[in-house]
Amino acid sequence: MAEVDTTAGPVLGTRVPDDAELDTLRSWVPSQRWFPEKGTDAALDRVAVVDLPDPLDEAAVRVHLLALPSGAVLQVPTVRRAATGEDAGPAARPGVIAPLPGGVLVDGPHDPAFVRAWLAAAHDDGAAPTRTGVTKVVEGEQSNTSVLLPGADRPAILKVFRVVTLGPNPDVEVPLALARAGWAGVPRPLAWLPGGWERGDGSAAVGHLGVLSELVQGARDGFELACDHARAGTSFGDLAEDLGRTTAQMHRALRTAIPVAGTGHAHAPRNETERHTEVRRVVRTLRERAEAAAARVPEVAARAEAVHAAYDRLEALASVPPLQRVHGDYHLGQVLRSTDGDGGRWYVLDFEGEPQASADEKTRPDLALRDLAGMLRSLDYAAAVGEARDPAWLGDARDRLIAGYEHETGGAAVGLEVLLPALELDKALYEVVYESGNRPDWLPIPLAGVDRLLGHAR
Ligand SMILES: Nc1ncnc2c1ncn2[C@@H]1O[C@H](COP(=O)(O)OP(=O)(O)O)[C@@H](O)[C@H]1O
Ligand SMILES: O=P(O)(O)O[C@H]1O[C@H](CO)[C@@H](O[C@H]2O[C@H](CO)[C@@H](O)[C@H](O)[C@H]2O)[C@H](O)[C@H]1O
């Protein structure tokens, strides 16, 4: 995909005997927001430690790679530094994991020594900053940990992947490919850090540890922005329409930047048998995902029959649009609205796909309309969380999103009537599973969406 191999030249980890630092991390890691297997009694096995030299030689910077029983590899950067007066009181420096004799152990992203050591070790496109300036960890609900570098000579944000994906991470490769293809709707990756280690069976593993991207100045999170409009009762229509256009542009840029193997002429007519096979494959995937959701959540199981009945309508489709590379976990929290300098526009983030999806699912060609369906669901969340009083708020935002998408595709978007509601239902079922595991208080939001979509489908 990328013109250069971004996993080449990794920083190498070595096996290190268990020590007191590992004991400390074993009790600290499971309580962190980004810990992916909450509620489990996780036995963490350290597979490697990468030492990152601090250019100022002020502190010891290490990256611990810790394997979970599931095989997932977690990244925990730490900084050991001598204690200063700042570390003495109870309001110690942010991110302190534990005191050490004569010093402190700090969660790497909270310490400038980690950021400068990371930058010194990373590979870049010739546009990376050389000075970090003041650094600050992004607060809030994140699966990863991001650090702002607003005062760097090129303002940037560093995303530290907490779960290290084996092989190239789509969140490095996809934005890089899109930016190199000339699409300006994605913050440009400026530098990336591949890491390598040896598995238990002696084979070599490699994965990206993080990516530094251009900072979108004065950006607002799309979900917060939409909730604010819902709460105030002000129309989100113009912004939704622009988001629909941006979404169609993203799909066009993905087709150019990451063509799907074997479909170089994806828009060429396929014969009838091939078209039927594709339709059946799409419907089978939807049914399998619904079954998996029903097996995990009783509220989905109770609706399984109605869900399958809704999917029955798809069996009669003559064709589905060609599959292509998609975003995969597209929602309002994955888009930023800039307010400074460029007149206000949308930027798309986070091309990692759904957190629970397998590596194969994350990169598999899919229906572009799946992303549009994700954004429709997200408008529903914004209306619910922002407590929009007028039901027309949501209807307007939905219509304008679709109108912007259709307009940008020149009317070439196929499947809006039958396929799009089915994909929205699929996403709402995914959300029911997601909320039941992460935010049970929010479960009524996607459940109401499922019921509405089932009502429409009957
Ligand atoms: N290029 C950027 N410019 C400005 N802010 C950003 C940028 N990338 C991410 N952010 C901020 O960091 C937050 C987390 O980023 P995201 O990629 O969604 O991380 P995660 O994978 O942990 O959810 C976003 O909600 C946004 O507020
Ligand atoms: O951003 P992530 O890749 O971690 O995505 C996961 O978490 C999201 C929540 O943070 C979740 O999104 C759901 O809630 C959003 C509001 O918080 C809403 O805008 C989305 O439409 C809804 O799906 C996402 O599904 C999950 O994969």
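**View 1. The C-alpha centres of domain 1 and domain 2 lie 32 Å apart.** The bounds, which come from an automatic or database domain assignment, are 11–24 + 42–214 for domain 1 and 220–457 for domain 2. The contact between them takes 14 residues from domain 1 and 19 residues from domain 2; two residues are in contact if their C-beta atoms, placed from the backbone, lie within 7 Å. The side of domain 1 that touches domain 2 has 10 nonpolar, 3 polar and 1 charged residues. Here Ala, Val, Leu, Ile, Met, Phe, Trp, Tyr, Cys and Pro count as nonpolar, Asp, Glu, Lys and Arg as charged, and the others, Gly among them, as polar. This is a predicted model, in which local features need pLDDT of at least 70 and side-chain atom pairs count only at pLDDT 80 or more, while totals for chains, interfaces and linings use all residues. Residues are numbered from 1 along each chain as its sequence is written, and chains are lettered from A and ligands numbered from 1 in the order in which they are written.

**View 2. Ligand 1 has 17 residues around it.** Q142, N144, P187, V216 and D350 come nearest; a residue is near if its C-beta atom, placed from the backbone, lies within 6 Å of the molecule. Domain 1 and domain 2 each give at least three residues to this shell. By class, the shell has 8 nonpolar, 5 polar and 4 charged residues.

**View 3. Helix α4 spans residues 222–232.** Helices (H or I, at least four residues) and strands (E, at least two) are DSSP runs, numbered from the N terminus. G222, L225, A226, C227, H229 and A230 are buried, with 20 or more other C-beta atoms within 10 Å of their own, all placed from the backbone. These buried residues pack against β14, β15, α10 and α11. After α4 comes G233, whose phi is positive, near 75 degrees.

Methods. A residue is buried if 20 or more other C-beta atoms lie within 10 Å of its own, exposed if 12 or fewer, and partly exposed in between; C-beta atoms are placed from the backbone.
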